Amino acid sequence: MEPIDQSFHIKKPSSLNLIGVSMFFSAVYWILEAIRDVVTFNRGSIVDRIFAPDFMSLWMRILVICIIILFGVYAQSLKLKLVTHRVRSHKFTPRTFSVMGVGLLFGAIYWILESVRDAFVFNKGSLVDRIFLPDAMGFWMRLLAVFIILLFSIYVQNLVNERREAENALKRAHDRLEKLIAERTTELSESNIKLIQEVAERTRVEHELRTVNRALKTISLCNEVLVRAEEEKSLLDNICETIVRFGGYDLVWVGFYNQNGKESFMPVSTAAHDNISIDDIDFSSEMFVVENWPIGRAIKSGSPCVINDLVESGDSQAWNENWIKHGFKAMVSLPLIQQDRTFGTLNIFSMDTNSFDDEEVRLLKELADDLAFGLHVLRTRADQKRAEQEKDKIQVQLLHSQKMEAVGVLAGGVAHDFNNMLTAIQVSTDLAMMQVSESDPIYLEMKEIHRVAISAAELARQLLLFSRKHPMEYTALNLSETIEKLKKMLRRLIGEDIVVETQFADDLWTVWGDRGTIEQIIMNLTINAKDAMPNGGKVVIKTENVKFTKNDSPLMPEARRGKFVRLTFEDAGIGMDKETLGHIFEPFFSTKGPGKGTGLGLSVVYGIVKEHKGWINVNSSLGNGTVFEIYLPAVYVQAEEEFEEVIDYSQLKGNGQRILMIEDENRVREFTSKGLLQNNYKVFPAASAAEAFKLFEKEKGDFDVIFSDVVLPDLNGIELADQLLQKNPKLRVLLSSGYVDHKSQIPSAKERGLFYLQKPYALPDLLRMIKTVAS
């Protein structure tokens, strides 16, 4: 931007002429000089000094008068600028004061010359005295002259600055002029280019009008075909035939893109001009899509690929020769897209170069989009028909699934009550065994009752497998031992007409897994094998150690290097075809009849194996049975061995710690309280949270441990613990529950740092936990 003029307005300019004023002051100065010569230096009369001064005085007076008049001229010029609002503010630089310095120098010379005249012409003392100690009149006259010289230098400096500013303004104006000339030249060049482009554009538009009209007519007729279409193959044939007949193109064909396994591209419909034989055209080179080929580019990019000169294109020789030898010179490949996925292309060929311009390609792209939508509609209709056919089947599966869910809920509730009863049995048996000598026959009977209670607890845990609510607890497992413990239960599940044969590897490696879900895999696959042999047969369950190295190439896509334990289920059932094998792990997919399966068994097995970082391989064929192979990673941890525990109650006794016990099950509360009392603990039992609060207030919170069931009739056990901890933060809390699902609140208890004991528990387990909590 140009600098803004900083000016001001004078409301009423004075008519006083400053040049005349300067001349008046010059006359006054001349008279004062004459008076000084007479009064100070006694140099004749006033008239003589005014009209006939000596040469030196005349020269000095004329010099000063000239300076005064020049100052008047400068002042008058400045006044005119103020009146016409043309005063500009200047930035002062070191060069601004250069002439002023010269003025000061001349002022100093004038001062010295006056001193020389006084000393040598008028004999008024020494030169030093006249320089530094002049008389009052001489000092005033010199000071006035110096001031006038300084003002003159300021005037000269202003002229220099204005000259410099004028030069800068001229330079800026010159630059602006050159810029305007350059801009105008550019505009003229652009106008000329636009004119040339407009001529070319008009020619192009005339050509496009011809091709666009042809494309519009083709689109209109194809849309009519789309509206009437009822079947996919006939739709594609009619579309290709319409594009050739009414669009005037030489060859049209549609191909579908397949990503299953190796990428391939299969032509599904073709049409050609009457003088072209489709049988002579080799489509085999397009069976596999190559990204640097036109159709491959259209599929990968999702945008039309246009080649207006096949001979000059940079595509592979194999691609070009396939079409050039039949006379084709131009082509366009239009992607068929549905839901952001390219599933095929519409390909149009011409025997003329430059047959496809941008507007025509745009209209043909709309046609391809319409075709893709029409295919989507037809396929949606077909899917709806299939969905309606499977509706009843899915409803039956859903009903069965709901029944299984209800059974699971029932199993969870039964297991909870069963765990409470088993807790009472185990604790009461432990109490009775403490009162009898080990050599007493009754002790052996009690011990057998205790073993039966432990087995019953295992049965309850297995029952929870059907509710799928058993908590995930990863431990080192030996699959052979796990299967061996389930054999009795498996025989009850599959019946007497199915034989279970086990083949276990020696020194089987251990796996890191959850016992409950691993057992669920074993039961699901065993039941699946039973259903595959309706007339009976044999199921072979094998465990083996396998190792895959870097050089191994197993036929399983998910296989990887390392050590694995292979669990194999082999049956001699009816087997499955390839189509069925592709769906067996899908939820609700079942080969059983209505009401005979949920279709969830194998999908659950698949999910459990994936959670254990393994994979499944299935081999089957119709009439030859099925083999399921499960691979689980081996770990370098010894499987936990079960052994007879020797209990030393003297090491488990307490030191008189005070325990507030909250348990709503009467028998559990009674026997557990008794067991703690007999082992040197002071127990304050309560059947509900309300009773616990009363006891807490009564005893003034003087407790060491809070032992509470999680599910209470009036308050959650964790909430109860939180409220008691607010009153006494030093309390230690132990929670227990017969539930294993969300009601057990296990994650919430662990987050708060609380101890947890799962029911059913034996008295030694309880004493160990209490001792740990109280310590």
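How far apart in helix α7 do K233 and D237 lie? They sit four residues from each other, about one turn of the helix.

This is a predicted model, so to speak of local features takes pLDDT of at least 70 and side-chain atom pairs count only at pLDDT 80 or more, while totals for chains, interfaces and linings use all residues. Residues are numbered from 1 along each chain as its sequence is written, and side-chain values use heavy atoms, with hydrogens and water left out.

Now for the charged pairs. A salt bridge here is a side-chain nitrogen of Lys or Arg within 4 Å of a carboxyl oxygen of Asp or Glu, and that rule gives 18 of them. Helices are DSSP runs (H or I, at least four residues), numbered from the N terminus.

| Pair | N to O distance |
|---|---|
| E232 and R379 | 3.1 Å |
| K233 and D237 | 3.0 Å |
| R768 and D765 | 3.3 Å |

E232 belongs to helix α7 (residues 232-247) and R379 to helix α10 (residues 358-434), so their bridge ties together parts that are 147 residues apart in sequence. R768 and D765, by contrast, are three residues apart in helix α20 (residues 763-774), about one helical turn.

What about exposure? Partly exposed means between buried (under 20% relative accessible area) and exposed (over 50%), using a 1.4 Å probe and protein chains only. E232 is partly exposed at 24%, and R379 is too, at 29%.

Methods: Helices (H or I, at least four residues) and strands (E, at least two) are DSSP runs, numbered from the N terminus.
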